[in-house]
Amino acid sequence: MFRRNQVNFAAMLCLGALSATPALAQQQLDRIEITGSSIRRIASEGALPVQVITAAQIRGSGATSVADVIQRLPSMQGFAIADTAIGSNSGGIATASIHDIGAAYTLVLLNGRRVAPTGSGSSINLNSIPMSAIERIEVLTDGASALYGSDAIAGVVNFVLKRNHQGGNITLQADVPLEGGGESANASITYGFGDLEKNRFNVVATYRHDEQKPMKSGDREFAKSAYLPFEYNGRKYTYDRTSTSADPANATVTFKRLGTETTTLPAYAFNPYYKTHSNQCAPNNFYSLSNAATATSVSEMCAFDFVSTIDVYPESKRDSVYVSGQFKASNALTLFTDIAYSRLDLIARIAPNPVPVSIPVSSSLFTTYVQPYLSANQIAHVNTVTANYRATDFGTRDSQTITDSKHLVFGGDAEVGNWVVGGAVTWSQNAINEKYVGGYFKDKEFRDIVRNVSVDPFVPSGNQSAAAQTLIANSIFNGTIRTASTTLKGVDVRASGDLFKLPAGTVGVGVGGDFRNYRYKQTPSAAALAGEIYNYAPATAYDLERDNAGVFAEVLVPVFKNFELTGALRYDTIAAIKDAVNKKEVGQKMSASTYKVSARYQVSNTVLLRGSYGTGFKAPSMLEIAQPLVPNGVTAASYDCPFPGTDACKPTKTQYSQLSGGNDQMKPEKSKQGTLGIRFEPTADFGIGADYWNVKMTDAVSSVSANLAFADPQKYKDLFTLYKTPAETQEYYAFKSVSMNIGKANYSGIDWDTVARFQTGIGRLTAGLAGTYMIEASYTRPGSDSDFTDNMGKYGENAAVTFRNIIRATLKLETGAFTNQLTVKLRSGYKDISTTARDMATNRNVLVSVDVPRYGTLDWQGTYNYNKALELRVGINNLLNEAPPFSLRDSSGHQVGYDPRYADPKMRTLYMTGSYTF
């Protein structure tokens, strides 16, 4: 039943709705500040849906990182994962995203205060959170921008770290995927001394070290190739994602007009090795299914299976330290400080460098490998010759990203009458150092190799001479390519207390204000600026800065017995961006007022009704406004020329350069969001509830995807430009990924859960079932405010999937010193991307969209408490060894054959944990 001194069932839901822990129960009568409100109160009084995950529940989940914990919640969709560092230049960032609305709209807090984001926006890297320091996690699945500021439209994730903790703990854990590869281990030590009430001080310190081994594509059958035969609806197909930058190289020849000629010979692309080996491609290559003969080009190329060389899960090391200090200066004043530091060192390995090598007509390479396969007429018209070369002899491209996260808070809380007044100063920074540590070339050395024909691109890898191998080793660039940092400096002041009494209770109020300065700085390395890296366009230098300020007020009114209303009002102002590099201001000052009204009605001791309605306001990130058009790699997929027959076409279907840029005309995003929920708890051992939520956004920020633009290039012709990489001899078309306000976006769904506890003859059994049912996840196409599309249960135009159902079930049996728990995680199926595959019966390329089946895993964990000090855990994640479902997606990393965002490639994994408390 619901009582004032009992933790609200809504605040107990966590990983299957397990019961509250004793550590939390001891605080039940204290008035504390719960995420979603600035008014301190007993936890059970809130009107908003808050999920609480305790430290004990984190240990029981078997998770190895903060991201694992958060991203397993059914309400989380659309987040970034570390796996996509393989080919996406993400550096291994992992984020939280509530209800698929996006990481940029999900506010992440540390002890109720902001931390420095990654990049120029508001997305927080969960890897910066010290896992061993977590006391509990509070997840508010309703917008709270009226209290916290503009980027809390989807909700809030607040990591509450240990304070006033006494004693120590040592924990060791090892994880071993039984299919091979991807092993990991971590160790942590925590110690706290002093009692704030007895000794007037407390200090808590914790350190944790994590190591993650890489997983190779060959470690998993489903991930080992980019050339995939498959069967769908009774027909056999082959999906070809191989690359025409091959090992050994393809040759591409373009021709020129002579004299008064009015036509141009079609470009000719072929593989010399294929020609001289009875029409057989070299090992690890396939005859490309994109080969074709048209009026403008003829291709007979072999294509390299790049996936066979990559990691599918990155290697990393992480160290994190957290120190918290509290000092009770008087009975009414407590001072505190929080210091957090983490370093993530991640290495992502992708396929060897694909490089275009210009072949002079006068060279022996042309004479030996190209000229024999050209007609006399073609030889007379040769314009350019390029070797599309995969530099396998030089090794995989290895990028190392070192992310340093620092966070320092100093503040105090004071009791003044029946008011609590607090404030703090925050300095927080997220900094990265991106390095190339393998497979990338020094420009001069590599060009010398090519000019002197020291390395032959037309022979298979492993066949270079000893002298060539020495030159190769000396040509590898190893060093920093860029550094970047985001620094947050802020101050906040808050106060809450009682105003006066009404017949139904006391009117409470909370007020506060905050000021924050964000600075994003990116610096290309001296080597990059000097052109020391072959075919590398240096990162753009940025030094962007802007101020954010806001004030808010919140009031709680008990209207009548068991019914209360809460209202909050906030005003934010966000200054124009100061661009120190170009010495100018970019964009406009943005200001807005937002509000939130919520209500809670306890119909009886067993039934609770609640609801809320509010507005939100979010400014675009600094780069979304101020970024110039800069190189951003290549498109994830290969495309036909967007404008066939023009000079900027590439000869065959291939990847095109991609540029990214901001838009100084961007407008702020606005939102309206609401919830309506019911909780039913007839006994202390059974509860059920559901919360309907709805978010509507206008002027939503996004950009046109490459798939969409290449599918209709005439409609999006303004998103194409001409661009030449440093190694290319002419300009080709390039796709511009430019920020824009796309119009509207609508999201709605239901979060639901139930829990039941039974006392059996062998112990206490707890069963939990929780899930999120998505009703809508739609958005307008760029340039329209009424042409809606969506990715509900399908791979959408935004290259993502919204799952209709995500469900988590737990069954926990506590028998004396032993605890056993089973956990089922389930995602619904979806319709995959529509992409080109070869119909093997007709030998033609056709569009195919496979059905990706639902994906579920069963986990088991056993815990043995030897005594109060020693705890041992053994568990198996993915007990039934379910492989990720087959998918043909072509975004978010270089993995092929499955979507790493939605399924874990580790498969069946054994983990063992030992914890000793002293």
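Predicted model: local features only at pLDDT ≥ 70, side-chain atom pairs only at ≥ 80, totals over all residues.
Local features were taken at pLDDT of at least 70 and side-chain atom pairs only at pLDDT 80 or more, while totals for chains, interfaces and linings use all residues. Numbering starts from 1 along each chain as its sequence is written, and side-chain values rest on heavy atoms, with hydrogens and water left out.

Start with the sheet. It is an open, antiparallel one of 4 strands, running β10-β11-β44-β45 (strands are DSSP runs of E, at least two residues, numbered from the N terminus; two of them pair if DSSP finds at least two bridges between them). β10 (227-232) and β45 (844-848) sit at the edges with a single partner strand each, so one side of each has no neighbour in the sheet. From one strand to the next, the twist averages 40° (angles run from 0 to 180 degrees between N-to-C directions, with axes fitted to C-alpha atoms). β44 (residues 835-839) pairs with β45 over 5 antiparallel bridges, and aspartate 839 faces arginine 844 of β45.

Over in strand β21 (residues 382-390) is threonine 386. At a relative accessible area of 15%, threonine 386 is buried (under 20%, with a 1.4 Å probe and protein chains only). Leaving out residues up to four places away in sequence, its contacts (heavy atoms within 4.5 Å) include Asn250, Thr252 and Pro356.

As for nonpolar cores (buried Ala, Val, Leu, Ile, Met, Phe, Trp, Tyr and Cys residues joined through side-chain atoms within 4.5 Å), the largest has 64 residues, and Ile70, Met76, Ile137, Val157 and Phe159 touch the most other members. A second, separate core has 49 residues, among them Ala539, Tyr795, Val801 and Tyr902.

Terms used: Buried < 20%, exposed > 50% of the residue type's maximum accessible area, 1.4 Å probe, protein only.
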